Structure formats: structure tokens, C-alpha cells
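Here is a note for a colleague who has not worked with this structure before. Please read the points below with the sequence and the model open.

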Amino acid sequence: MKFTKMHGLGNDFIVIEARENVDYSELAIKLCDRHFGIGADGLLVVEPSGIADIRMRIFNADGSEAEMCGNGSRCFAKYVYERGIVKKEKMAVETLAGVIMPEVFVENGKVESVKVYMGSPIFEANKIPVKTDKQKFINEPVKIDGKVYKLTSIRVGVPHTIVFVKSLDENMIKELGPKIEKSSIFPQGTNVDFVKVEDKENISVRTWERGVGLTLACGSGACASAVASAVLGKTERNVNVHFKGGKLLVEWLDDNSIYLSGSVEEVFRGEIEL
């Protein structure tokens with residue numbers, strides 16, 4: 001099977017084109033293993049669509065299928081454009097979270113960066129979902145291991161829960177991340193974004209991804225973190241989001257739409273025996 005390895009700020013993916021009689025969940029577990037496989041945070045599958053230019057399916061490293069993925073969608077757009085599968089610079093991509101609209105920026109025939117319309121943030125607790133009697137789950141106190149944390153939950157394609165911190169301590173993130181991810185108040189689990197506000201236009205983020213663990217970057221997490229920061233008055237609505245792997249720009253417009261922009265790279269191509 002031919003594959004392509006890609007990344008957006010170190011958030012890495014294996015991209016393959018649709019195959020018959022394949023269990024993509026099992027394949028994702030095998031291929032994403034960093035010791036016995038190729039190694040990646042997720043598997044992206046290119047499929048034809050009846051409602052958009054192309055369809056993207058996303059499988060996490062643990063085999064679970066995700067509704068959407070910001071950095072994955074940017075890698076996906078570069079892949080299908082450079083291979084002539086979709087010849088539009090602004091394309092419609094079907095996902096489980098609905099149709100998204102990536103726009104590729106091309107230099108000398110190569111896609112250097114991708115801007116993607118990520119939809120609108122969902123604040124209603126029952127749609128994220130969060131088990132609560134509140135209509136929205138913003139800056140709500142939650143006790144974990146005897147300590148109270150203020151959590152904000154927003155759905156940007158997938159559920160995200162934001163924790164504002166004074167420092168991005170990796171040991172704390174690895175300990176607290178999975179406890180919030182699997183908390184009983186999140187019936188579908190949640191991605192967990194740890195956010196340090198630098199100033200009104202810059203935040204630093206580390207994301208504990210549902211079904212993956214700690215990642216170098218997360219596109220939907222960047223969007224959720226930026227929106228939460230703006231809602232709580234910590235930043236403006238346009239924010240540079242800094243990850244270990246680099247920077248993404250999130251623009252939350254007055255019409256409630258979110259746009260995510262940043263670089264994306266192809267690392268290598270190869271073949272693997274299944």
C-alpha cells in the first residue's frame with residue numbers, strides 16, 4: 001500500500017487513498033504505531049464525496065474515528081491539490097462534522113500554507129456534549145483528585161475542554177489531561193487544551209488529544225482555545241496560537257465563523273506491506 005507522511009506543526013498524519021475491504025480502525029492502530037508501524041497521530045483517508053469535492057475520514061492512533069481535525073484537514077487539502085485529485089484552490093471537503101472549506105496558497109506549484117474554514121463554535125452543553133444542568137459550560141469549577149479546576153468546553157468539530165494555566169508543565173498535562181479526557185461529565189470524551197495567555201494577541205497551547213495523547217499541535221484545539229480566550233476577555237478575536245511545533249493563526253469573525261491558517265508539509269512517501 002502506498003502512503004504519504006505529512007504534518008502541520010509536528011501534528012503528523014499518514015495519508016492514504018480509499019481501499020476496498022480494509023478495516024481503517026485496525027489499519028490506523030497498526031500504521032500509527034511509532035515503533036512497529038510508520039508512526040503518526042492519525043490516519044487520513046481520501047474518499048469520493050457525493051456532497052462535496054472530496055471526502056476526508058480521520059482515524060486516531062487508537063483506531064477511533066474522529067469527526068474532524070484542523071491540522072489533518074490542512075494536510076489533506078495539500079495532498080489532494082498537489083496530486084490533482086481536486087484542482088480548486090478553495091475546495092469543499094466532506095467530514096463527519098459537516099463540509100469544511102480549505103483554501104490552499106501555492107508557490108511554484110507547491111502548497112506552502114492552508115487556510116481552512118472551521119465552521120462556528122458550539123457552546124450549547126448538550127451538543128458538545130457535557131453532562132451539566134447549565135446551558136453553556138464556560139469557566140465552570142470541576143473537582144479532579146480533590147482540586148478544583150475552571151473548565152470551559154466548546155465544540156469545534158470535536159469536543160474541546162480548555163484549562164487556563166500559568167505555565168505549560170508537561171508532567172502536569174500528562175497527569176491531568178487523561179483524567180479530564182475520560183471524566184464522566186464528558187460522555188463522548190473530550191480533547192483537553194492547556195492554555196497560557198501571553199498577551200491580547202498571543203496564546204501558547206498544549207493539547208491532550210482524545211484517543212491520541214499529548215501532541216505537538218492541534219488545529220481544532222487552536223480554534224477552541226482562541227475562542228475561549230476571547231469569550232473570557234483574555235484576548236482579541238484574532239489570535240496567534242503557539243504550539244511546540246510552530247504557530248497557527250485563528251480568526252474568529254463577527255459572523256461567528258472561524259478560520260485557521262498555517263504551514264503544512266509533506267515529509268516523505270513510501271510503501272508498506274499490509
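Which residue takes a positive phi just after α2? The residue is Gly-84, with a phi of about 75°. The model is a predicted one, and the points below should be read with that in mind.

1. Helix α2. Of the 13 residues, 12 are buried, so the helix is mostly covered by the cut-off of under 20% relative accessible area. The buried set includes the charged residues Arg-74 and Lys-78. Also among the buried residues are Cys-75, Phe-76, Tyr-79 and Tyr-81.

2. Helix α4. Residues 219–231 make up this helix, and its 13 residues reach 19 Å from the first C-alpha to the last, close to the expected 18 Å. It is mostly covered, with 12 of the 13 residues buried. The buried residues include Gly-219, Gly-221, Cys-223 and Val-227. Ala-222, Ala-224, Ala-226, Ala-228 and Ala-230 are also among them, as are Ser-220, Ser-225 and Ser-229. Just after the helix, Gly-233 has a positive phi of about 75°.

3. Two domains. The protein chain is divided into domain 1, residues 2–113, and domain 2, residues 125–261. Their C-alpha centres are 23 Å apart. To the contact, domain 1 gives 14 residues and domain 2 gives 22. About 1,300 Å² is buried between the two, and carbon and sulfur atoms account for 55% of that area. The count of salt bridges between the domains is 2.

4. Glu-67 and its partners. Which residues form salt bridges with Glu-67? One is Arg-155, whose side chain meets that of Glu-67 at 2.7 Å, N to O. Another is Arg-210, where the closest N and O atoms are 3.0 Å apart. Arg-210 sits in the loop between β13 (202–209) and β14 (213–215), and Glu-67 in the loop between β5 (65–66) and α2, so this pair ties together parts that are 143 residues apart in sequence. Both Arg-210 and Glu-67 are buried.

5. Other salt bridges. The whole structure holds 22 salt bridges. In one of them, the side chains of Asp-53 and Lys-88 meet at 2.8 Å, N to O.

6. Arg-206 and Glu-170. These two residues form a salt bridge whose closest N and O atoms are 2.9 Å apart. The pair links distant parts of the chain, with Arg-206 in strand β13 and Glu-170 in helix α3 (residues 170–181), 36 residues apart. Are the two ends buried or partly exposed? Arg-206 is buried, at 7% relative accessibility, whereas Glu-170 is partly exposed, at 27%.

7. A salt-bridge network. Salt bridges also link a group of five named residues: Glu-47, Arg-55, Arg-57, Glu-65 and Glu-94.

8. Cysteines. How many disulfides does a search of the whole structure find? It finds 0. A disulfide is a covalent bond between the sulfur atoms of two cysteines. The cut-off is 2.5 Å between sulfur atoms. Cys-32 counts as buried at 4% relative accessibility, and Cys-218 is buried with a relative accessible area of 4%.

Note on methods
Residues are numbered from 1 along each chain as its sequence is written. This is a predicted model: local features need pLDDT of at least 70, side-chain atom pairs count only at pLDDT 80 or more; totals for chains, interfaces and linings use all residues. Side-chain values use heavy atoms; hydrogens and water are left out. Helices (H or I, at least four residues) and strands (E, at least two) are DSSP runs, numbered from the N terminus. The expected span of a helix is 1.5 Å times one less than its number of residues. Buried means under 20% relative accessible area, exposed over 50%, partly exposed in between (1.4 Å probe, protein chains only). Domain bounds come from an automatic or database domain assignment. Contact means heavy atoms within 4.5 Å. Buried area is the accessible area (1.4 Å probe) that two parts lose on being put together, summed over both. A salt bridge is a side-chain nitrogen of Lys or Arg within 4 Å of a carboxyl oxygen of Asp or Glu.
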